[in-house]
Amino acid sequence: MEYRRLPRGGENEVFGVLGLGFGAIGKTPADEIEAIVCKAIDNGINFFDMCTAGATYAPFGRAIAGRRDKVFIQVHFGAVYDENGEYGWCRDFETIKKTFLWELETMGTDYVDFGFLHCVDEDEDLDTLCRIGVVDYLRELKEKGIVRHIGFSSHTPAVANRILDMGIADMMMFSINPAYDFEKGDDYGIGTSGERFELFRRCAGEGVGISVMKPFFAGQLLSAEHSPFGIELSHSQCIQYALDRPGVLVALPGVQTMEHLDQVLEYLHATREEKDYSVISSLTPRDVMGTCVYCNHCQPCPAGIDIGLVNKYYDLALAGDAIAANHYTKLSVRADACSSCGHCDSRCPFGVNQMAKMAGIDKYFSR
């Protein structure tokens, strides 16, 4: 398991890149939910998103008992549950507050790591959450240490940017997968590819982590019949794609059964070839062609350059990320090692002139 640190967090706030989402697990028997969580933790998973059904909380609480400090929990202010435990979307302050207190009690914890403004997809959503007092309530909970970090979930780049402008968020949950990013998704794949990529770069540049929902496009990318690309991608390809976006700390694939968990865990043992998602290149919009998406299909570089990583650090540095710029300077092999042999250009499925990019990147960092 690879681990990534929350930029605005403490030394111990380090997440496995593979987490779990529980949006569809509510109908699973309680003992299986508990077993799934226990097995996930035993395999290095330590990040869990609790936008789920009410029946999930008690078995989850039993699974983390005695090791609460080993896991990170993300809950949503605006996701509520009726008397039957069914999920609902809410903008009533007292109901939201009551639900949160119930969640704490049922999980057997006195704090959560992330309190999220839930599903803020429209400007009106954000305006309402501010007006009814949810944003102020989150600030109060953070001051008391009951919520360690404030975040939000959204599908809309323009609204996400508004929340980032407020300066309150340490984490963003966003839908990231090739179908959404390359404008081949459903109504939740909002924004052009350029708008989405710029949002990810902004988060990275400002130290806002990203947790990823919908990495499989509700399972459609896993089936050639249902995929908008007409080809089947594997779990590992989709997860790697999400993890390669700037700012992403953890992917949160949804599971319902132990079999689903086992399929997700295959990522931990997958080879580089099994994670390679560059097959999507022939099906992307024209405005993405010529842009490095860090897939590293160009590897191996004869000069030893990690071309995808060099491009990522460069893009992040342009977005104002001083840490990324510093990381670039510490690479053992940098862009100036490029011999212009053309190997990368001949292999790049996105038509990037990497030889020219390496020269430009070297010039940028040598200023």
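Author: Among contacts between residues at least 6 apart in sequence, 71% join residues at least 24 apart, where contact means heavy atoms within 4.5 Å. This is a predicted model, in which local features need pLDDT of at least 70 and side-chain atom pairs count only at pLDDT 80 or more, while totals for chains, interfaces and linings use all residues. Residues are numbered from 1 along each chain as its sequence is written, and side-chain values use heavy atoms, with hydrogens and water left out.

Reader: How does the radius of gyration sit against a compact globule with 367 residues?

Author: The radius of gyration is 21 Å, which agrees with the value near 21 Å for a compact globule with 367 residues; it is taken over C-alpha atoms, and the globule rule is 2.2 Å times the number of residues to the power 0.38. Along the principal axes, the C-alpha atoms fill a box of roughly 65 × 40 × 40 Å.

Reader: And what share of the residues is buried?

Author: Of the 367 residues, 55% count as buried, meaning under 20% relative accessible area, with exposed over 50% and partly exposed in between (1.4 Å probe, protein chains only).

Reader: Switching to helices, at what angle do α6 and α8 cross?

Author: The axes of α6 (residues 157-166) and α8 (residues 193-206) come within 10 Å and cross at roughly 20°, which makes α6 roughly parallel to α8, a label for angles under 35 degrees. The axes are lines fitted to C-alpha atoms over the stretch in contact, and angles run from 0 to 180 degrees between N-to-C directions.

Reader: Which residues meet there?

Author: From α6, Pro157, Ala160, Asn161, Leu164 and Asp165 meet Glu195, Arg196, Leu199, Arg202, Cys203 and Glu206 of α8. The residues of this contact divide into five nonpolar, one polar and five charged, with Ala, Val, Leu, Ile, Met, Phe, Trp, Tyr, Cys and Pro counted as nonpolar, Asp, Glu, Lys and Arg as charged, and the others, Gly among them, as polar.

Reader: What about the phi of Cys119?

Author: Cys119 has a positive phi of about 55° although it is not a glycine, and Cys119 lies in the loop between β8 (112-117) and α4 (123-131).

Definitions and conventions: Helices (H or I, at least four residues) and strands (E, at least two) are DSSP runs, numbered from the N terminus. Angles under 35 degrees count as roughly parallel, over 145 as roughly antiparallel, 65 to 115 as roughly perpendicular and the rest as oblique.
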